[in-house]
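The sequence and the model come first, and the description follows.

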Amino acid sequence: GQVLLVLGLGERKGQLAHAKAEYEEYLAWYPTGEGAERVRQRLDALLSAGGKAPTKTAERETPSFLDFDWFGSVGTQYRHEEMWDSITGTLPIDSSLLSDLTFSTRARSESWVVRSLTTGSYRNDFLDNGPGNQARITAVYVDASQRGGPWSGTVGRQPGNTAGLPSRFDGLRLSYQIAAPWRLTLRGGLPVELSNSDHIDTHHYLYGVSLDYSQSFERGAHSGHLDGQLFGLQQRTESLVDRTGVGAELRYVDDGLFVASYADYDIYFGRLNTALLSGNWQVTPETSFNVFIDYRYSPLLVTSNALQGQLIDGQPVTHLSDLAAIYSQSELRQLALDRTPRSFSASGGGSQQLTSDVQVALDVSAARLTGTPASGGVEGTPSTGWEMSYYPQLIVSSLFTQGDVATLGVRYFDGSISDTISHTGVSAAQITG
């Protein structure tokens with residue numbers, strides 16, 4: 001219900017193209033679970049009704065023939081930015097044309113629903129000394145789900161960000177519903193860095209398995225949802241182990257509480273790679289608290305990090321196999337640990353409604369990035385030390401006109417290099433007619 005409440009805003013406002021894109025993007029990131037099934041029903045009803053509001057009849061409709069729909073959008077914008085000072089005069093920083101493409105299809109039969117999604121962007125750089133033209137291919141995949149059956153799968157460039165995977169990968173996801181509420185999923189493919197997404201990188205590959213749980217429940221007058229995941233995966237680079245991770249995710253939500261946690265332990269390095277905890281508690285309609293804790297190796301701890309700063313005959317080393325000819329496996333593992341700092345950040349805060357129009361809020365955060373030692377001919381880096389931030393806010397509605405929102409805040413940042421004080425003052429009003 002909370003998923004559809006957020007995603008359905010565009011549909012309720014009559015922005016059908018935007019709503020379709022929202023639904024497709026949600027399914028790309030979260031292809032399984034009860035929330036995904038509800039979003040699929042909403043999308044099916046929206047497309048089959050030609051943009052009309054979904055009805056129970058439309059949701060239950062099962063075509064006896066192949067039903068095909070498609071949707072796409074193209075957008076472009078020109079960006080120009082200059083910097084001026086009294087010595088050098090005007091200096092162009094950016095002059096580029098940014099173009100975005102989204103194209104999706106959906107085919108339904110009595111037994112299957114098959115969807116595809118293609119999204120990407122292209123940047124035309126008009127500067128003589130600029131970074132050049134750049135292409136970014138975000139997603140190109142086909143997703144198939146069995147109607148009333150246990151099987152589903154995705155092939156192509158698809159979202160990760162689950163089961164220890166990177167944010168994108170080129171490959172295959174195959175999922176089987178063992179028994180409600182359990183699902184077994186196999187994944188395999190090639191990791192994708194979006195900064196180099198105009199080609200397929202065959203030097204790295206990964207494979208893994210996950211066991212997913214998803215269950216809604218009623219507790220008196222309240223409803224809630226619990227879902228979680230156990231996973232294991234291995235990533236390799238040029239036949240060398242990059243990382244071997246095992247971990248778990250757990251999410252709980254009900255009418256007043258949301259908690260999400262994630263842990264990824266690397267058994268190859270013997271290190272906790274990532275640990276996250278996020279929560280929001282609506283104590284009363286007027287009072288809420290939030291907390292966020294993030295510990296991780298930054299970037300992700302992999303053997304390929306040993307390449308950082310390494311030179312052979314004065315040239316940067318780009319292949320791990322070249323470094324493996326010089327160092328042993330344990331030495332490569334130690335070099336990767338030496339080149340990868342750990343980051344810790346935490347924040348907590350809350351808000352209190354004083355009157356119907358006045359609210360106060362406070363957020364406090366702390367962050368630290370560890371240093372790295374010198375090794376393998378590469379210099380070390382210092383730690384940032386603890387950096388603190390304090391941000392109280394006063395939020396007033398209907399201050400000048402009915403329905404406007406005014407925000408006044410002061411942020412104090414206690415950093416390792418400097419301390420700064422900044423203030424914000426924003427007033428926004430919505431005019432309808």
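## Salt bridges

A salt bridge is a side-chain nitrogen of Lys or Arg within 4 Å of a carboxyl oxygen of Asp or Glu. The model is predicted, so local features need pLDDT of at least 70 and side-chain atom pairs count only at pLDDT 80 or more, while totals for chains, interfaces and linings use all residues. Residues are numbered from 1 along each chain as its sequence is written, and side-chain values use heavy atoms, with hydrogens and water left out.

Under this rule there are 13 salt bridges. Arg251 and Asp227 form one of them, with their closest N and O atoms 2.5 Å apart. Because Arg251 belongs to strand 10 and Asp227 to strand 9, the pair ties together parts that are 24 residues apart in sequence; strands (E, at least two residues) are DSSP runs, numbered from the N terminus. Asp227 is buried at 14% relative accessible area, whereas Arg251, at 29%, is partly exposed. Here buried means under 20% relative accessible area, exposed over 50%, and partly exposed in between, with a 1.4 Å probe and protein chains only.

Another salt bridge joins Asp170 and Arg157, whose closest N and O atoms are 2.6 Å apart. Asp170 is in strand 6 and Arg157 in strand 5, so this bridge connects parts 13 residues apart in sequence. Asp170 is buried at 13%, and Arg157 is buried at 7%. Asp294 also forms a salt bridge, with Arg296, at 2.9 Å between the closest N and O atoms. Salt bridges with shared partners join Asp67, Asp69, Arg106 and Arg108 into one network.

## Aromatic rings

The structure contains nine aromatic pairs. Rings of Phe, Tyr and Trp (its six-membered ring) pair if their centres lie within 6.5 Å; planes under 30 degrees apart count as stacked, over 60 as edge-to-face and the rest as tilted. Trp151 lies in strand 5 and Tyr176 in strand 6, 25 residues apart, and the pair links distant parts of the chain. Trp151 is partly exposed at 38%, and Tyr176 is partly exposed at 33%.

Charged groups also sit over rings, a term requiring NZ of Lys or CZ of Arg within 6 Å of the ring centre and within 35 degrees of the ring normal. The charged end of Arg411 is 4.1 Å from the ring centre of Tyr391, and Arg333 lies over the face of Tyr268 at 4.9 Å from the centre.

## Backbone features

Most residues other than glycine have a negative phi, and most peptide bonds are trans. Pro299 is placed in the loop between strand 13 (287-297) and strand 14 (311-312).

Asn161, which is not a glycine, has a positive phi of about 55°. Asn161 lies in the loop between strand 5 (151-159) and strand 6, and is partly exposed at 48%. Glu238 has a positive phi near 50° and occupies the loop between strand 9 (222-237) and strand 10 (240-254).

Methods
Helices (H or I, at least four residues) and strands (E, at least two) are DSSP runs, numbered from the N terminus.
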